Amino acid sequence: LKDFSNEVRATRDVQKFLKKTVLLLDLEKTNMDEIIDEIVNKMLKSESTKNSSLEQTKSAIFTHDFGMLHFSFHQMSRTLQSTSISEGGGFDYDQNWVLTMCSVPSVQTRHVGIARLSSPANLGNTAQEVYFVIVILTPTKEKGTKNELEIGRTFATLFADSNLRLRLLNANTEAEFNQVLEQQTHELSLRQRQTDEKIPVFDDEDEGKLKCGFLKGLRADLKRRLPHYWSDYKDGVVGPRTIQKTISTTFFLYFACVLPCIAFGVLNAYNTHNILTVEKVLYAQTFGGLVFAVFGGTPQIVLLTTAPLALYTKIIYSICEDFDINFQAMFTCVGLWNSFFLIIYSFFDLSILMQFSTRSSEEIFALFISIAFAVDAFKNTALSKSSLFFYIIYHTLILDFEDNYYTPACSGVSDVINNTVGMVTNTSANSSDTATDVCGRDISMLYLFLLLGTLWVGVVLFNFTKTPYLNSAKRELLADYSLPVSVVIMSFFGAYVFREVNMGKAFDATRQTGIFQLIDLSSLSVGAIFGAMGLGFCLSLLFFMDQNISAALVNAPQNKMKKGTAYHWDLLVISLVNGLHSIICFPWVHAALPHSPLHVRALADVEERVDQGHIYSIIVRVRETRLTAIFSHILIGCSLFFMQVLAYIPTPVLYGLFLYVAVTSLYGNQFFERVQLFFTEQAAYPPNHYIRRVPQRKMHTFTLIQLVQLLVLCGFGFAPYPYLKMFFPVLIFALIPIRHKLIPKLIDTKFLKAMDGH
């Protein structure tokens, strides 16, 4: 790369181009010869020997024709592209641009021409999605610092910045294009004058020592994040397509939060005999989400009441029933102890322990969250963090089909249908009416249609950017709104198109009175208070791991977040929010997976790359704003005024949303990708960095070890003993020492670094 701070020619090369601009915007060509012809013709317009220069230039840019039979082809002889170290190692080509250069005897001065194509062109193996083509022409006898290679390095250094390419794609005029290029030159010069500084995740990580102080981490978090506070609001409205992204992400967050709130509210109401209701969950979500969006250090983290919290709520209720304890008082006491321990963790900088958390631990936990509710669904409870997918299949297909499809009445109807017409005629009216009243096969089939329809519409729209339909802007718009569009469409089908099929309401929308009363703890004995302390400690471990792992996934290097982290401060805000929830017996909330990483992706501009036929997306930049979380939770608060309408959202649509979130969260999960390799033909393995750098046996061994850990966690959650499930947060925490103490004895460190690094 060119050093713009020390090499004078770098800035001068750009200035020369700006003074004598040769720029083709939105060139509607995809053939390499035609693109080069357009650029070269415009560059050589002022040359006196244009015709001879044109022929010599083409001869110099392209290799001699070669081929076989009646087919011949040529390629560019000298090109520049940038490569970068890909995630975990190896090299990636920037395939969105290519620079070709040559020296021509008849050319009298240096020329630089740039073409921005209206649609990407495939120009070869390492340039399969080219938007920018840069051509450099120089005289043959030219000074060493001014030859085609040095000028080429100047522009190649600029175009190696994916953020610049994105801004140039959004430029509408030649003046705007030049302004962006000039601004980037100035910024790059200033940036290269400073030493490269890595944004620290933890303040002591550069020292390589584990140091926990008192309030040191909180002070550092505030020092790191406060200077960016106002930009957190500005970044939600300033920039190309930013307002569109803010609006689409707001609606995505609204539907991604309000529907789980309804589902978990129904679950909590069932588990606690209507003490924790849908209304309370919506109030808790609105208050907690707004407080964290305004005061949190990482506003991209999404708070939600989740399956693990439903587990703990059910455990506390079971204990209260067994020992005749007031549930509301016990729930409040456990929540206050949880907040107390979280405050201690944040004050004494214990989040620094998460520097030992690796990608494998985080992805096991993320997959564990995506796999929720299976075994306990068979027990008609929701105590376990098992498989969300199987829970949905079981509840919507098996249970519903057992209630409505495989019933004695339906069997009677089948027998009648299979009999002769005469026997049908003789069937009594009473038996026919009875069968009609009980048999509900139409309900079961509609359940299946709405469930899979919500998933199918959502995933198709989510992947719509990969289709050739419409144009790129409309494809991206549909992908941004994939979740709300799928929910609205399938809710319309369920509630209106098939309104004659009575599936009932999703929940009781009756508003409660006096739900903001403080809970009296005087009924608790000393033993109950200390028992609540034990429950609160285990719950605090769950909050600690969930919050920090969510923050780590949000701030992962591949997301290119620039404003720094705030692990300790976020933990403190979470503790205060849940402390307030506890004193009025509202459901707890914590960082949600996979909602938090999906929130980041919804705010991101992505760039697609092709490598040996495999398409994958790279995040270019993320709009780090608070506005999406604030607006979406205001909408959730407004939902309290039309709960009667929300109650008409069909239950299978709620479960379809869970399926959508579970499926889309698997994108980018390397653990899941490596599991798929067990069933993939070796010739079709993608060219990932770990496949290039790690022996196949070692790679599969590591994947099997991760699978064993995941199965142990699921098995522990499936245990038939409710009190045993209180300790699964300890197992989650145990993933870290297992990774650092046991696994290195089986797999070499260099291989682990390739597979388990961010």
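Analyst: A helix here is a DSSP run of H or I with at least four residues, numbered from the N terminus. The model is a predicted one.

User: Is Asn274 buried or exposed, and is Asp349 buried or exposed?

Analyst: The cut-offs are needed here: under 20% relative accessible area is buried, over 50% is exposed, and what lies in between is partly exposed. Asn274 has 51% relative accessibility and therefore counts as exposed. Asp349 has a relative accessible area of 4%, so it is buried.

User: Which class does Ser525 fall into?

Analyst: Ser525 is partly exposed, because its relative accessibility is 43%. This serine sits in the loop between helix H21 (482–497) and helix H22 (526–554). Its C-alpha atom is 9.0 Å from that of Ile325, although the two residues are 200 places apart along the chain.

User: Let us turn to strands. In what order do the strands of the open sheet lie?

Analyst: The order is S1-S8-S9-S7-S4, an open sheet of five strands with mixed pairing. Strand S4 (79–80) and S1 stand at the edges with a single partner strand each, so one side of each has no neighbour in the sheet.

User: How do the strands run along the S1, S8 and S9 part of that order?

Analyst: Strand S1 (residues 23–27) and S8 run parallel and are joined by four bridges; in S8, Leu117 is the bridge partner of Leu27. Between S8 and strand S9 (residues 130–139) there are seven bridges, and these two run antiparallel. Gly113 has Val135 as its bridge partner in S9. Strand S8 (residues 111–121) is mostly covered, with eight of its eleven residues buried.

User: What joins S4 to the sheet, and which helices pack on the sheet?

Analyst: S4 is joined by two bridges to strand S7 (residues 97–104), in an antiparallel arrangement. Leu80 has Leu99 as its bridge partner in S7. Helix H2 (residues 32–43) packs on the sheet, where it touches S1, S7, S8 and S9, and its direction makes about 45° with that of S9. Helix H5 (residues 162–170) also packs on the sheet, touching S7, S8 and S9, with a direction at about 100° to that of S9.

User: Where is Met76 placed, and which residues does Met76 touch?

Analyst: Met76 is in the loop between strand S3 (71–73) and S4. With a relative accessible area of 13%, Met76 is buried. Leaving aside residues up to four places away in sequence, its contacts are Met32, Ile36, Ile61, Phe62, Thr63, Val98 and Thr100.

User: How should I read a nonpolar core?

Analyst: In soluble globular proteins, nonpolar side chains tend to be buried together. Here the largest nonpolar core has 68 residues, of which Ile316, Met330, Val334, Leu539 and Trp588 touch the most other members. H22 gives the largest share of this core, 15 residues. Another core, of 53 residues, lies apart from it and has Phe255, Ala263, Ala310 and Ala592 among its members.

User: At what angle do H11 and H22 pack?

Analyst: Helix H11 (residues 307–323) and H22 pack at about 175°, their axes being 11 Å apart. Angles over 145 degrees count as roughly antiparallel, and the two helices are therefore roughly antiparallel to each other. Pro308, Leu309, Tyr312, Ile316 and Ile319 of H11 make the contact with Leu535, Cys538, Leu539, Leu542 and Phe543 of H22.

User: Finally, which residues of H20 are buried?

Analyst: An α-helix has 3.6 residues a turn, so residues three or four places apart point the same way. In helix H20 (residues 472–480), the residues Arg475, Glu476, Ala479 and Asp480 are buried. Viewed down the axis of H20, the buried residues fall within an arc of 135°, so they line one face of the helix.

Terms used:
Residues are numbered from 1 along each chain as its sequence is written. This is a predicted model: local features need pLDDT of at least 70, side-chain atom pairs count only at pLDDT 80 or more; totals for chains, interfaces and linings use all residues. Side-chain values use heavy atoms; hydrogens and water are left out. Buried means under 20% relative accessible area, exposed over 50%, partly exposed in between (1.4 Å probe, protein chains only). Two strands pair if DSSP finds at least two bridges between them. Contact means heavy atoms within 4.5 Å. Axes are lines fitted to C-alpha atoms, for helices over the stretch in contact, and angles run from 0 to 180 degrees between N-to-C directions. A nonpolar core is a set of buried Ala, Val, Leu, Ile, Met, Phe, Trp, Tyr and Cys residues joined through side-chain atoms within 4.5 Å. The arc is that of the directions from the helix axis to the C-beta atoms. Angles under 35 degrees count as roughly parallel, over 145 as roughly antiparallel, 65 to 115 as roughly perpendicular and the rest as oblique.
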